[in-house]
Amino acid sequence: MNINFEEYIDQIRQVQQLDIEGRVVDAFNILNKMKNNLGVINTSNSYSDDERQLIFNVYYLLFEVQWKLFKSEECFNYGEIAAEIISDYSQKVKVYYNLTIYSMQLNKLESSHQYIQLAEACKSPIDKALILQSKARLLQKEHNYEDAISVFCEAAYEAEGINQTRLLVRIILDMAESWEQIGKHEIALNEIERATKIAKDTHDFNFYLRAVVKKVKLLYRLGKDADAKQLLLTLQYPND
């Protein structure tokens with residue numbers, strides 16, 4: 001494969017900037033030319049590591065851009081090629097994680113299960129936590145709430161072990177939703193309170209506010225209007 005690596009790296013940077021600016025069609029046009037110049041990709045070919053990384057970058061960006069352009073079939077094709085071509089496992093997991101999320105958003109639950117299985121042997125603790133969270137969300141989407149709670153607990157354990165507090169808060173809030181769905185409202189409130197405390201202690205106002213809003217909504221659904229109003233009245237910034 002005859003590649004001008006410096007030229008391709010410059011073009012990838014250009015694509016990333018266009019994407020940031022919201023010029024997704026322009027980004028796609030450059031990526032499509034780059035893909036055509038690479039020729040037919042055979043994932044079983046003996047490419048060098050540098051060649052595989054470059055091909056991955058092009059196909060992963062195509063994967064992301066096509067999703068933003070609502071081209072889901074092409075998006076998934078590019079994502080699968082990107083995952084197969086790269087040897088670095090952390091990058092492979094990143095693709096399968098996003099494929100899982102996107103297929104869930106399209107309600108393609110069978111595909112979501114397949115992508116999770118491909119990613120489950122992950123080595124990085126944060127990858128493991130993210131994959132477990134996705135697996136639990138899929139179980140939640142299938143109304144399998146008790147199994148979802150069990151997997152959310154595993155995900156929370158992994159996230160807490162590597163001090164990923166923002167991810168931990170997201171997982172706990174997801175888990176609270178499952179507790180609510182099976183009628184365990186007090187446990188759900190306790191989990192939301194736990195997430196609120198973690199966010200407040202780490203001065204993360206964004207997730208602190210998310211947790212408080214979630215608790216207020218649940219209190220209203222339970223008919224505890226006075227408690228919900230009191231919570232809103234006493235709302236504090238995490239650094240207060």
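1. Of the 240 residues in the protein chain, 45% count as buried. Buried means under 20% relative accessible area, exposed over 50%, and partly exposed in between (1.4 Å probe, protein chains only). This is a predicted model: local features need pLDDT of at least 70, side-chain atom pairs count only at pLDDT 80 or more, and totals for chains, interfaces and linings use all residues. Residues are numbered from 1 along each chain as its sequence is written, and side-chain values use heavy atoms, with hydrogens and water left out.

2. Overall fold. The protein chain has 12 helices and 0 strands. Helices (H or I, at least four residues) and strands (E, at least two) are DSSP runs, numbered from the N terminus. The C-alpha atoms fill a box of roughly 70 × 35 × 30 Å along the principal axes. Among contacts with a separation of 6 or more, 58% come from residues 24 or more positions apart. Contact means heavy atoms within 4.5 Å.

3. The core. The largest nonpolar core holds 81 residues; Leu31, Leu38, Val58, Phe63 and Val95 touch the most other members. Helix 3 (residues 49-68) gives the most to this core, with 11 residues. A nonpolar core is a set of buried Ala, Val, Leu, Ile, Met, Phe, Trp, Tyr and Cys residues joined through side-chain atoms within 4.5 Å. Not counting residues up to four places away in sequence, Leu31 touches Val15, Val58, Leu61, Leu62 and Val65.

4. A charge to check. Arg52 lies in helix 3. Arg52 is buried yet has no salt bridge. A salt bridge is a side-chain nitrogen of Lys or Arg within 4 Å of a carboxyl oxygen of Asp or Glu. The nearest side chain of opposite charge, Asp49, is 5.6 Å away. Lys and Arg count as positive and Asp and Glu as negative; His and the chain ends are not counted. Leaving aside neighbours within four places in sequence, Arg52 is in contact with Thr43, Asn45, Tyr47, Glu84, Ile85 and Ile86.

5. Salt bridges. The count comes to 13. Lys224 and Glu186 meet at 3.3 Å, N to O. This pair links distant parts of the chain, 38 residues apart: Lys224 is in the loop between helix 11 and helix 12 (225-233), and Glu186 is in helix 10 (residues 185-201). Lys224 is partly exposed at 30% relative accessibility. Glu186 is also partly exposed, at 48%.

6. Bridges within a helix. Asp10 and Arg13 pair at 3.8 Å, N to O. Both lie in helix 1 (residues 5-20), 3 residues apart, about one turn of the helix. Lys197 and Asp201 pair at 2.7 Å, N to O. They are 4 residues apart in helix 10, so about one helical turn separates them. Salt bridges that share partners also join Glu21, Arg23 and Asp26 into one network.

7. Backbone points. Most residues other than glycine have a negative phi. His143 has a positive phi of about 65°. His143 lies in the loop between helix 7 (125-141) and helix 8 (145-161). His143 counts as exposed because its relative accessibility is 58%. Asn163 has a positive phi of about 60°. Asn163 lies in the loop between helix 8 and helix 9 (165-181). At 62% relative accessibility, Asn163 counts as exposed.
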